[in-house]
Structures are given as structure tokens and as C-alpha cells.
Amino acid sequence: MHAEKVKHDFEPKIVAFVCTWCTYAGADLAGTSRMQYPSNVRVVKFPCTGRIDPVFILRAFQKGADGILVSGCHPGDCHYMAGNFHARRRFAAFRKLLEFVGVDLARLQFSWVSAAEGGKWVEVVTELTERIRAMGPLEEFKELELEECWSGKIDTPELQEAYKAIP
Amino acid sequence: MSRIGVFVCHCGENISRTVDVEKVAAAAARLSGVAYATDYKYMCSDPGQGLLKKAVAEHRLDGIVVAACSPRMHEKTFRNAAKSAGLNPFLCEMANIREHCSWVHEDREEATEKAISIVTMLVERVKKNRKLVPITVPITKRSLVIGGGIAGIQAALDIADAGHEVVLVEREPSIGGHMAQLSETFPTLDCSQCIMTPKMVDVANHPNIRLYTYSEIENVEGYIGNFQVTVRKKARSVDMDKCTGCGVCTAKCPQKKIPNSFDRDLGMRPAIYVPFPQAVPNTPVIDRANCTYFKTGKCGVCQKVCGPGAVDYEQQDELVVEPVGAIVVATGFELYDIGPKPAGSPYEGYGEFGYGTIPDVIDGLTFERLASASGPTGGKIVRPSDGKEPKQVVFIQCVGSRAREKGISYCSKICCMYTAKHTMLYHHKVHDGQAYVFFMDARTPGKNYDEFWRRSIEEEEAVYIRGMVSRLYQKGDKVVVMGSDVLVGVQVEIEADLVVLATAVQARTGADSLAQKLGISYDKYNFYSEAHAKLKPVECATAGIYLAGACQGPKDIPDTVSQASAAAAKVMTLFAKAELEREPIVAKVNERNCVACFYCKKVCPYGAVEEKEIRDRNGNLIRVVAYVNPGVCGGCGTCQATCPSKSVELDGYTDEQVIAMIDAL
Amino acid sequence: MTNTAQKLDTIPLVDSGYWSSVTEAIRTEAERLLSSGEVTAVIGYRAGRRSGTALPAIATSPEQARELVFSPGCVNNLALYLTKAKKDVAKKGKVAIVAKGCDLKALAGLMGESQLKREELVIIGVACAGVYGASADRSLPLSEETIARKCRECTVHAPEGVDLTAGSVPALPQLSPEEAEELARLEAMTPRERWAFWTEHFSRCVRCMACRQVCPFCYCEQCYCDRNRPQGVETSPRPAGNTAWHIVRGMHLAGRCAGCAECERACPMDIPLNLLNRKMAQELKELYGHEAGIAPKEKGPLAEYREDDDQSFIK
Amino acid sequence: MKHAKMQLSTETMNVGFVRKVEALSGSSVRRCFQCGKCSAGCPMRSFMEHPPNRIVRLLQLGQYERVLAGRSIWYCASCETCSTRCPNKVDLAAIMDALRKCSWDAQGPSKESLVQLANRLFIDNIKTYGRQYEMRLAAVFNVKSGQFLKDLMLGPKLITKGKLKMFHSKNKNVGEVERIFARIEEMRKKGEAE
Amino acid sequence: MTPAKNILSYSYYPGCSLHASAQEYDVSTKGLFRQLKIGLQEVPDWICCGATPAHNVDELLSLSLCAKNFSLADRVEGDLAVSCAACFSRLKTTQHKLAANDIKRKQVEAAIDGPVSLAKPVKHLLEILAKDYGLDRLKEKVEKPLAGLKVACYYGCLLTRPPEVPELDDSEAPTIMERVIGAAGAETVAWSHRLECCGANFTLSRPGVVLKLSNEILASAKGAGADCIMVACPLCHGNLDIRQKEIEEASGTRYNMPVFYLTQLLALACGVQTSRLGLESNIVSPMGLLREKNLL
């Protein structure tokens, strides 16, 4: 059973935003079934995917997440009837926005994992972790985080002049 | 500075086998705001809980993180423990280091590291937790039942028998609904009237039931436990208190040629009428559209002949407001009409079946009236066109049902059975007649149902033809049926005397507008939606409203009665408590910041968001803001994620709590 | 930029008679509305001090109505003045507003968000030929060189659903869709190239919030991005916070922005903000068939759903 | 063949063929639940060995040989009664069009496909003249189908009534029509069209 | 492109048959329209729509031929008037399909090497008479009411099917032909086979089919007491009129049932000269019947 542990150069940080009724329970099931998956993932529990604000995804990327999973109930199974339908539209739009500003969407995974799908949880998390591991760290946000000051190029004569005039 | 206690559980060896629990506790102790951290073999055991309670007192803890199993397992346990230690239970959180960590990882180092990080996230979260108190809602222990068919009658009787007052509202002049129109019922062939009328009388005589017939729902306000329902009592033109039901007025009315819709227009009734002899209440009503007095101002015969002086031409509609705590919706169904549909209708009629213009093409309910002993023909089966006894009768199933082309793709569920019943009734009455049934599939699940269907074929000699009909047309006094038998693979043509269409069961016209008044959801066919297809089949998503019968989807009588009793049981469960108590995980509006864009209202699946007017001391409107009714809110938080200014916040899952966790990554 | 030769080369898109006829139509209607007492104020434009400029103006008397103008300098989206800047104006009774086609869409959006009521508004629509771009030389007439980028692809020259249309749309030449081309160029880039493009722009942002200030849809009393408990979006003008701000703004406007491009015009750092908004509008149209239009919608595309919405991106 | 046992497996059910028919016709095959309404109203049913609903059934089972073998598809009159009345909006008339094309492309003319022969000639006529030239159509058809003397009696009568013209009028767009044919052929070669 | 209220004017697509076997349809259409003062300008050098054979063999070709005709028709003012039911069906179907399907539209654009123009409404004569011109106006123009003439209106397949394409009238219970000819004073009979198929394009390849189907139609019309059948389609006319003699021989029933194009009867009622109705081209001579009803 105990496979030889492979050490990787890079272990990504994965954050999973999940709803409590389906995916959180699905992850619990993976646990009670003693399935194995990479330990990179950190779960943040919500009542419903409908509660998940795109800001959280942005925030997590900024705070060092290399990959993010958002997962909830299958359509029609939402404990609150429609939360996941609203979430589906919201994230369909948000991922397009992120893509447009240059975020590689391979780092942002969405899934439906029901309370009965412990296996799917393992599969989704493992696949995402391995993919991100292969992609390497999400440098873009990290670089941005490190830049402390206004970094606009002083490239026009007017600006240069104005800059020089600062005592 | 917070004083948080962290308790790391070994769970026997379940956690400690792969997670170094001592190391986790030690790491937790180093976190800022953590006043106490320890590990213990079984946190959920009595000594474990005792340890927690003791620590709360000793270390004056203001927050607790139990790092153990899934909160789905023991959150209640530890919150109760926290409560008994004098701490608000919502300041206690669980870090799941068993299902999400020790059980799914083998590497001890990795698992320990992950456990520490999970604990850290939860510690940061608990710092932002607020004290919450459970929400209580008072309950008015009276109930409204909308619809006086078998579903409404059953629900009303059950609730009333349990000792609660019931307001039963029926649109027609009499209760009874569709079941009162039926001749005999499958699979036992007992007479519908015989089993139905006693129940109708029970309703009329029940001390706990207030019956409003010829009435409709005007308006519904409020929420679970506290609805205010306005009922419009339409002017009957007859004083119900004075009328003795002697029937002289109906006998003397000179206008007698109005098609009786209760008899599917086969029979005639006067302008002042009771729809059928066993009607409850047995008080007539004047059909003002057809009454000579109302049309011309002349006549007035009924008033003159009425001994008690009950006829009142001046009567007006009356609005009554009824406070109730729960509502059962039992508005039933109507049948698909094959006539041409107006532009924009989602449905399409049956031009190929003559759009209802061929007189000897009728629907199943009309056949019921023909077969009913109390019907317009006294139970004799005759053709509408010439009153002759039909010798060849063709029944066509799935007309409108399972026909997405015509606008409906669902199965109407009851037609297979009632068509089988029709062939039997027909054969019992016309011994030398032949019944043919065109069908696509025979769906007969149910106790004694398949046996019943087989009987119609084997004993009553109905000829079942597996195939559909392309077209019907009149030829002389016959109706030519152009069908096919797909088993043989040939076309079939029958010159029928009478054709009976098993038309689809569909939602009542206007079901959507009632739903909007009630704030309940409905599907694309206007059938009302249950909260959960399997686990909440009688509850609406809107708390305090329950469904019974065919308004929720096609249903036969046994299913309808079961669901009605189930809805009644739900009402009784609600009424069993003095107050409604629920978890305080609900959204709250910050009225100062709310700019009233009402995106929250647009996305709320529960209809919990209302528009609240803020007025100054003089009563002038200052502005309007959103208000979340805590009795109705389901706690999903979709409003908060949608609110642009985050002026609405879900307790227990605030932005502060979530962002604290993210920042602790 | 100013150079005589260029001035001579510039071919006006419309003749000057057009502007005066629109102006006259606005004045006549404003005067009538104010003198009859039908409205308490008319929100419109008056000429600015420098030639070629115009300022938002609120006329409350027939005399002031005579000062209203319409010129290529009338760049502002006046819908703004009904929700934020001069919110009190609307409270005093029925008001009239001068609206270009693009501004009308904002009005419709605001109606859908319960911020305005159609019956409390008289809308004087402008048959608009276009307005100056942010960096146009305003001494020149409106021409292919000086016209705003958004106007090059305008589909609402003639306003619909208004109470009165001032002027009539002159014949206009087809102009090349610069913004659409720019959008296509960006879409063709790799994510990394786009990231570089946007971070360069965002890092210049000084968080002056002019974009928020001019946006008719940013009418929140307290902006989420100004909050401190919690601070979901960093408030200081650091590249990381700037990026978050612009992404959150893009998301909050998705399905609502009507494309007036005021944010871009007002931006002192020349960040092409309308590209973000336009991209989202395009995506929402593709995904859900939503388009910001003249008719107020009961729900926006992100406040409703269909059970069969696309979910190909969800595993 | 007709009554041979049907061995069903993923190999014997030709899904690719069904997909092609679905693509060509723009209509789903799987939607059909075999109510038989199409067959009930089909004016040509008595000329076919497979009733229309069975054609769809065979397609559902991927039995393309059985579908193409018979005369059924050639006897469809394109009257659209089936498509009009189908409760599931299966466009059977379009499916029949697709099947005829598949059959002709794969097997060329057969004794059952006289209609298609007429159709082909009709189209050749368009290609040559831009319009229909009924006299020639009838004459060539009779030669090609081996029915030399068919309708012998009708011809002269029609000519005297002015109904069959001995000559055709010249159409300016003949060249353009030819180019349309050529372009379509070109597109098919490049795989840009089905 | 709505024409001014009173002066109607159309571009006209007669179709191949109307220049040959159905020349009487063409002649009477033109005669009727002239009488009603409705402008009709034939699309110059129109090409064949492909009819049933083209879509039977090759859908893309069928769509392309029709699309080409649309661009030819754009050169002439006015909505496109079509008399032949088959051409009408093909042109409408093409509009319907290309409007809904971008892929096909692109393929067709490649085939005709130009843009597909779908803006111009395609209208069958019946639609023009009943809707654009108006039955009341038509009634005013009737000089010789067809009183006493019992007409069986025969729609066939393509005028109303499939329901979403022609949008001419209800696909299962149309009345437009009855209304139009009723306006000219004729009596219409209710009969069962109005919408049944006549055998259509099997006329050449499988005449046996036609003999059976058309026989049922003739029998039904006769049974309903009709004096004549009125059609709007050259194919139907061909099968019911040209082949009527054969049908009679094969079935052993004598029908002698004249089959008119709708424009022949309307033009007659509106006072167009009898010689310009193309009546001599009808194989089953209608002269006896018309004389009997005092209509000549």
C-alpha cells in the first residue's frame, strides 16, 4: 500500500472553496473511505457555492494560492435550490474576465462533486494538484505582490519633466 | 486580543496515527490570540468535553477550535459543550483534521503540516466569529387550504381533526373538484360520488373548518407562521345565511339553456343554479353573465319565489382577511384543450384531430360525465352529435402528453389507467360495442393497476393498438381514425362512432399568478415546485407553504390523498411547537449602506428579501432599503455574493471570516 | 497635436447646422417643460469657457433653458446626475434629462436596478452624431480624427423610447472599429502577454477613482473596495491592489455596464478601461444572449439563470 | 437478411452513420419513441416495406444496411406530413433526404431509385439550362430507365396544348449556375461541406 | 420594403413549370394582377429553385440555387411573389434554414460566391391576395361572381407544411384558399383530402403511385359534391389534371373533374377576358362546366 513517497521540487498551494452540503460531504466521504490524495489542498467551507464571491478567488491568488478549486452541488441538487445556478453564471463570467486580464484558466478549476462522490473529489483534487505542480508557481500575482510602488514608466517628456521638478 | 482555546483530538489513533497531534497543539499554542492549546485522546467523550468546559472557565476562553473530525459529525456536540460552559455556541468551530487530513494522507510530516495549517485557518476564522442567537418566530396556529377538490378536502379534514382551525377556499360554487365529476374510479371501480360526498359533508359540518366557496385568493402577505391572506368572496347574489337550499329558485328560473360546465357542457342549467345535486354548500349562485335580470333589469323571478328572501341582487364582492400560520396549496389541474391556441401560447392544439370541431370527438372527462349515473344522460353512453349509442368507440391516449411538438413533454400519469377504466365502463353499458385503444406505452405501476389494465383487454375485450393516430376526419356520421399498428407495421383505419381523447393533465390556467401571490416557484409548465424532489416533496421552497395534489404534477387519487395527508402532517408538525426556532445562519442587511438595487431580491431563492421603507419621524419616506426576513431566509448567501456593496451579510459566513481564512493560507 | 495643416485636412463628419438644430430642439423642449411646470429641472449641457467644451448643467428656469447646448463637447453621461452627484435634483419632482443613445442605455439599466422610475423622468433623446474623444483637439470640428473611440462603433445614433428626439441623425460615414480591433488584438494574445499588457496599465493607476466617480452604475454609498473590515481589496495604489480593484470593478459592472466609456474618458492615466467592460459585455452576450439595451430588464444576466446554462467549463 | 437475427454490439451498430444522418438532416434520431404517428399518416406507406417509424427504429439501432437496402426511402414523397405531426419534432422528411443522399453516394443507382434517377436528370437539366426543360427530362428519363414507350400517349397531347416546349429559352445565368455546381463540388473535395 | 398603401408592386418568380406545363397558371396570374392593378415584375434571368429533386439529392445545392435567386430578386423592387407552391416551399425553407444555421449560410455564401440576402419577404399569391391586397378589396373587384360553382380547394403538401416554414396559414386546418375563392363568390365544399399528398414528384418515375393517391383525392372531392378542384401548385395540377384520364382508366371511375389554378378562377371572376385565362391548356376541359354555370 505504501508507495514510495516522491519528493517534488515544487508543492503548489491549492485552495478549495466548497459548499457544505455536497462537496464538503463528498470530501468527508473520501476520508471515511480512506482514499488517498495530495495534501496540498486547503478547504474553505461555505453554505453554498452561491455564497462564493469572486473576490475570494482573487484574494486567494494574491495570498499565494497556485491553483483554486470551486466545487458545489450538481445542478438541481442545490440544498438552496438555485445557489449553484447563480454561481455557475457568476463564475462563467468571472473566469472570462480573469482570462482576459491574463490569468491562465488552467489554475482555476470548477466542479460539481456530490456528497456521494468521494472518488470524484479525489480525482478532481489530484488532477488539479498535479497539473499545477507541472505548471509551476503562479508567479504573476506573486510578482505583483512584491512590487511595492507605483511603477508606471516615466516615458513621456512631460512626465520626465514633472518628475524632475519634484524637489 | 482574543483568548482562543485549541483542542486537538487523537480520535483514538485515527488522527494521531498520521498526524503528530502534540506538534499540532504546540504550533497552535504559538499562534497569536491562542490562550490555550492541548491534545486529548477522545475530545467527543465525556471527559473530553469536560476538559473543554474546564479550559473555558480556567483560561477565560472567548473562542474554541476543536481539531478533530468533520463538523458534520460533531459540531453540534462541541457547540453544546461550549454553550454549557457559558460560551456562545457559535464561537466554537471545528478543524477537520480527520476526514480531510489524517484519513487521506499517509505521510506523517505532510499530514501534520496540513493539520497545523487547517487549525491556523480555523483559529483566524474564530477570531472573527460573532455571537449568534437562534431565531424564534411566533406561529399563528390556523391554516389556509386553497382548493376544495379531494386534495384540499383531505388536507383540511386532517388538520381540522388535529384540532387546528382551517380556512378552506374554493373558487367554484361547490367543493368537490374533479373527483366529483368522475363516474367510477380505478382500480376498484367504486363510485366516485359515493366515496366523495361523505367527505364533502364532513367539511361542511366540521367545527374547525371555515369554508369559503365561490371565493379566490386576492393577496398573501407575511411569512411562515404569520401570513395575512385576503380572500375575495365573489358575490353569490344569494344570502348564504338565509338560503335553505329548497331549490325553488332554480326550478322556476326561466333561463334554462346555459351549458353546465360541471357536465362538460353536455347538460343545461338555469341562471341561478347549484352545479350538481350533491353540491356543498347547497346554496345556489346567480351566473350574472347569463341572468336575464342582470342583463336587462327585467325578470326577478327567483327573488319573488324565494320564501326566506335570500336572493340579493345587490350583493357585492367581499374581502376578508384571514391570519394563518401555514398554507396548503391544492388547486388541482385542468385538461389540455385540443382547440387552436392564441399566438404566443406555449401550446399548440390538434389541427389533425379537427381542433375540437368534430362533435363526436370528446375528452376523457366528458366521457366520465356520460358514464356517470348522475350525469346528464343518466349514465347512458350516447354520442353528443345525435344521441345514438356508439358501437365503435376509439380511445386515443397521450393526446397532448408526451408531445413536445404540442408543448408538453411529460407523461400525464393517469390516462393509461382511466382509459382502461373507460373501456370497461363502456363494455359494461354497451355489450355489443367494441372499444379500441391507440396507445404508445401502457404505464400501470401501482397496487392492482396492471391487473386492472390486463382485465380490460382479457375480460372486457378492448382492442389495444400499439401506435398513434395521424388524423381524424368526419365522413358522413362517422369519424375516420387514421392510425397505425407499429407491431404489425401497417396502417389502421377505423370508422368510429365516438372518439375519446385522453388529453394531457396540465396546470390550471392562472396557476402562475397564484404562485406569484404566494411567492412560490413553478416549473415551465406552471406546476408548482416542491423544495426537493425526493426529500421535501410536499414542502415549497417558501417556508410555511405546502403542496397537495395535481397542482404539483399529474397525480391519481390515491397519490393525491397521500400527499394531502402528508401536507397536513407537515402543518401539524409546525403547529406542534409554540414558536419556530431555527439556526441563526441568515442574511442581514446593513441599512446604512444599502442602495436598494435589489439584486439580493432578484437572486434570493426563498423570496426572503423585502423592500423596506425608512421614514422620518413625520412619516415622510426617506429611502427604501432591502430587508431580509429571518423567518424566511434559507441561509445560502447568494445575496451577499451578488450585492455590489456587500450591504447584506450572511451570519456565520461573513466576508471577515472567509477572508481571515484565506489570509491564513 | 495642434497644427494648422492638419486642421485644414480635417473633414467634418457633419455640417455645423446639425449641432445648432439639435441645440435649438433641446432648448425649445426644455423651455416648454420648465415653463409649463411639467418638470422642476432639465439636466443638460451648457457651453464651457473654452471653445469646443461643454459642461453638465441643470436648468431650472426657462431662461436657463435657453443656455442649453448640444455640441461635440457634450461628452458626459448625464445619467450620473440622477443617482449620485446631484441626486437631490431628482427628489424635488419630475426632471427632464438630455440623453445620447449611449446614456439612454445607462438610464435603462438604472431603471432595472430600481434607481430610477421612468414615469418620473422626461427623456429628451439626442439624435447624436458622436462626441469628441478624450484627447481630441477641440478647436477642430468633429471628424474621423477627433471623434471618441466609442462613437466609431455606435449603434444607437437614433435614441429609442424617449419622450422627444432632438434633431435627426445626419448621414454618417462608416468608421473603422478601432476598439473592436484592439479587443481582437488582445484576445489573440497569450495569457502572459495580456497579463503584461494589463499590469503595465494597472500599475500606472493612481487610484484617483475618477472611473468610479463618473460611472452611472457605481452608485453605492460605500464602495466595497473602500472597506476595511474586511479589506477585500487593498486600498493603497499598489500594483496588486490596483489589479484587484480593476478586476472587481469589471466584475461588478459585468452585465450592467452600458458602454458609455466614461471611465476611460475620465481616467487620467489613459487606462483603456472600456476594453474590460466591453469584453464582459461581449462574453455575456455570447453566453446568455444578454445585451444592455434601451428597455429596462427585470433581472440582469448575473441575477438570473437557466437550468440549461452552459457548464462546459465545470468538471 | 430482412428477417435475419440482429446481432447487436458496438461494432454492429453504426453510430457514425447515424451521426452523419443526424448532421445532414439536422434532426435527432434518438428522440423518437416509436409512437408510429408518422406511419399512420404516411400516404406512401403502402408502397414501402419498412414503415417510416421502423426506418427511425433501425437508425436508432445503427442498422444502416437494413435502412438503405429497401425501397422505403425511395418511395418517400417529401410531403412532410410526418415531420408536421411528429410529437417529438423528429424531422423525418429531412432524415429521408439525408438517407437518399447517403445511399446514392455509397451505392449509386439501384432499381429502387428510379426517383433518384429522375432527380439526377432534373438537376443535370438545371446545370445545363439553368431552368427545367420538361420535354428533355421526360425523354431522357424514359431512355435511361428503359421505359421507352411510357407516357407515349401523353407527349403529343401536351405539345399541342403548349405544355411541353420543344425548345428551351436561353438563360443568361447558365454560366453562374454551372459555377455554383463547381464550387459545391470543390468544397466537398476540400471537406468544407458534407 | 413595404409598398405604398394602395399601389402594390412585387417582384415575381414564376418558376420553371409556369413557363412550360403550367403556362396557364402564369398567363392567368399575370392577367389577374393586371386586372387588380398589382405590379408584377419578373425577376430577370431567374434560375430553377431546384424543386424537390434538388433537396432530395443535395441539400446544399438546393439552398444555393434558392439563395442565388434571392440575390437576383434583389435587383427588382417589391416583395417576392411566388405562384408555384413547390418553388414557394423551397424558397421559404431556404430562408428559414439559412436564417437559423450559420454554418450552412457560410457554405452557401461560398457556393454562390456572394452574400446571402434574406431580407426580402417571400410571399405566395394567396398571401398577397388575402393579406396584402385584402379580401374586401378583392370582393369589390369581382365582376362575375362564381355563384353556384362548388369548388374543392386542394392545398396539397407544400403550401402549409412543415408548420414553421410557410407561415401561410394553420398547417392542419387552413382556410386561406376557401377565403380567397369565397371572396369571388364561389361555394367551397368541406372534404377530407384537402391536405393529402397527390404523389408529387413520382409523376415521372412511379406513375403508379400517382394513380393511386390522386385517385383518392379525386374520389374524395367528387364524394363531397365538388364541381371542380382548385389548386395552387403545378405538380398537383399535373397529377390531377394531366393524369386524370389515366386515373379514370385505372380505377374505372369517371370523374370529369376540371382542375383550375386559383388564378384562373379569380381572373375569370374579376372579368379578365376568357381567352386570357389559359383555359384551353387544361387537359380536362372546363368549358362545359363553366358554360353550365353561366360563367362564360
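This is a predicted model: local features need pLDDT of at least 70, side-chain atom pairs count only at pLDDT 80 or more; totals for chains, interfaces and linings use all residues.
## Overall form of chain B

Chain B has 665 residues, for which a compact globule would have a radius of gyration near 26 Å, whereas the value for chain B is 33 Å. Its C-alpha trace spans about 95 × 70 × 45 Å along the principal axes, and its secondary structure consists of 18 helices and 34 strands.

Of the 665 residues in chain B, 54% are buried. When contacts in chain B between residues at least 6 apart in sequence are considered, 69% of them join residues that are at least 24 apart.

In soluble globular proteins, nonpolar side chains tend to be buried together. The largest nonpolar core in this model has 379 residues, and the residues with the most contacts inside it are Val6(B), Ala67(B) and Val119(B). The element that gives the most to this core is helix 3 of chain A, residues 83-101, which supplies 10 residues.

Which residues does Ala67(B) touch, leaving aside those up to four places away in sequence? They are Val6(B), Phe7(B), Val8(B), Cys9(B), Val24(B), Ala95(B), Ile97(B), Ala115(B) and Val119(B). Another core, of 149 residues, lies apart from the largest one, and its members include Val18(D) and Leu68(D) together with Leu265(E) and Leu268(E).

## Chain D against chain E

Contact between these two chains involves 49 residues of chain D and 44 residues of chain E. On the side of chain D that touches chain E, at least two residues each come from helix 5 (81-85), helix 6 (92-107), helix 7 (114-129), helix 8 (134-145), helix 9 (154-160) and helix 10 (174-189) of chain D. Helix 7 of chain D provides the largest share of that side, with 10 residues. Sorted by class, the side of chain D that touches chain E holds 24 nonpolar, 11 polar and 14 charged residues.

## Chain D against chain B

Here 17 residues of chain D are in contact with 18 residues of chain B. Helix 2 (37-41) and helix 3 (52-60) of chain D each contribute at least two residues to the side of chain D that touches chain B, and the largest share, four residues, belongs to helix 2 of chain D. The side of chain D that touches chain B is made up of six nonpolar, six polar and five charged residues.

## A mixed sheet in chain C

Five strands of chain C form an open sheet in the order 2-1-3-4-5, and the pairing is mixed. Strand 2 (54-59) and strand 5 (164-166) of chain C stand at the edges with a single partner strand each, so one side of each has no neighbour in the sheet. On average, and with direction ignored, neighbouring strands of this sheet are turned by 30° against each other.

Within chain C, strand 3 (residues 95-99) pairs with strand 4 (residues 121-126) in the parallel sense over five bridges. Ile97(C) stands opposite Ile123(C), which is in strand 4 of chain C.

## An antiparallel sheet in chain B

Chain B contains an open sheet of three strands, ordered 11-12-17, in which the pairing is antiparallel. Its edge strands are strand 11 (215-223) and strand 17 (318-324) of chain B, each of which pairs on one side only. Neighbouring strands of this sheet are turned by 20° against each other on average, direction ignored.

Strand 11 of chain B runs antiparallel to strand 12 (residues 226-233) of chain B, and eight bridges join the two. The bridge partner of Glu216(B) is Arg232(B), a residue in strand 12 of chain B.

Technical notes. Residues are numbered from 1 along each chain as its sequence is written. Chains are lettered from A and ligands numbered from 1 in the order in which they are written. The radius of gyration is taken over C-alpha atoms; the globule rule is 2.2 Å times the number of residues to the power 0.38. A residue is buried if 20 or more other C-beta atoms lie within 10 Å of its own, exposed if 12 or fewer, and partly exposed in between; C-beta atoms are placed from the backbone. Two residues are in contact if their C-beta atoms, placed from the backbone, lie within 7 Å. Ala, Val, Leu, Ile, Met, Phe, Trp, Tyr, Cys and Pro count as nonpolar, Asp, Glu, Lys and Arg as charged, and the others, Gly among them, as polar. A nonpolar core is a set of buried Ala, Val, Leu, Ile, Met, Phe, Trp, Tyr and Cys residues joined through C-beta atoms within 7 Å. Two strands pair if DSSP finds at least two bridges between them. Axes are lines fitted to C-alpha atoms, for helices over the stretch in contact, and angles run from 0 to 180 degrees between N-to-C directions.
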